[in-house]
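Colleague: Could you walk me through this one? I would like to hear about the pockets and then the helix packing.

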Amino acid sequence: MQNTWIRIALLLAIALLFQSIRLLMPMIPGPVNMFLIGSLLNAVMVLAAWQTGSRWAAVIGLLLPVGAFLQGQLPLVLMLPVVAAGNVIYMLGAAHWQHSRAVYLTPVIKAIVLYAGTVAVIRLVDLPPQVAAVLLFMMSWPQLVTGTLGIILARRILCRLP
């Protein structure tokens, strides 16, 4: 069990480092930033689920939205549980379907959860239309792309790990 916690901690540190790329390299355009960092974070979440075989790896998915909020990437605190839920569902689905092609359903499920949750938050909060549109875009089809790329990256990395 100690080895599992060490792996989870290491992968959480890597995820937080990847999440900080936007702060270290602010010259990267927003869309490139979103797809690059999103794909890397999804890969780390999937690797955590696959490498540890533990549901505790989902802690990474719970903590990443907090980092995004603190960095100003999530404009509303109400988005924290929405993104956390999407991440945890993504990780648990990836773990459950690791050896199946059904693993590629997990980005679809994640995108649905994020989009529906974002719509619910927008209905609760009076956001300027431009902010709401950007938030809905971030939580829609880009999640399919970054989630799928995350799985592909995780599979390639996993092949190279001892």
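Modeller: What follows goes through the pockets and then the helix pairs. This is a predicted model, in which local features need pLDDT of at least 70 and side-chain atom pairs count only at pLDDT 80 or more, while totals for chains, interfaces and linings use all residues. Residues are numbered from 1 along each chain as its sequence is written, and side-chain values use heavy atoms, with hydrogens and water left out.

Colleague: What volume does the largest pocket have?

Modeller: The volume of the largest pocket is about 550 Å³. A pocket here is an open set of points, on a 1 Å grid over the protein atoms alone, where a 1.4 Å probe fits, with protein on both sides within 12 Å along at least five of seven lines. The volume is the space filled by probe spheres set on the points, which are joined across faces, edges and corners.

Colleague: And which residues are closest to its centre?

Modeller: R22, Q73, M138, M139 and Q143 are the closest to the centre of the largest pocket, out of 28 residues that line it, where a lining residue has an atom within 4 Å of a point.

Colleague: Which elements give two or more residues to that lining?

Modeller: Those are α3 (30–52), α4 (58–70), α5 (79–96), α6 (106–124), α7 (129–138) and α8 (141–160), and α3 gives the most, with eight residues. The helices are DSSP runs (H or I, at least four residues), numbered from the N terminus.

Colleague: How many of the lining residues are nonpolar, polar and charged?

Modeller: The lining of the largest pocket has 16 nonpolar, ten polar and two charged residues. Ala, Val, Leu, Ile, Met, Phe, Trp, Tyr, Cys and Pro count as nonpolar, Asp, Glu, Lys and Arg as charged, and the others, Gly among them, as polar.

Colleague: What lines the second largest pocket?

Modeller: R7, L10, L11, I14, L47, Q51, I157, L161 and P162 line the second largest pocket, which holds about 170 Å³ of space. At least two of the lining residues come from each of α1 (2–19) and α3, with α1 giving the most, four residues. By class, seven are nonpolar, one is polar and one is charged.

Colleague: Switching to packing, at what angle do α6 and α7 cross?

Modeller: The axes of α6 and α7 cross at roughly 165 degrees and come within 9 Å; axes are lines fitted to C-alpha atoms over the stretch in contact, and angles run from 0 to 180 degrees between N-to-C directions. α6 is therefore roughly antiparallel to α7, a label for angles over 145 degrees.

Colleague: Which residues meet there?

Modeller: From α6, Y115, T118, V119 and I122 meet A132, L135 and L136 of α7, with contact meaning heavy atoms within 4.5 Å. Six of these contact residues are nonpolar, one is polar and none is charged.

How values were computed
Parallel < 35°, antiparallel > 145°, perpendicular 65-115°, else oblique.
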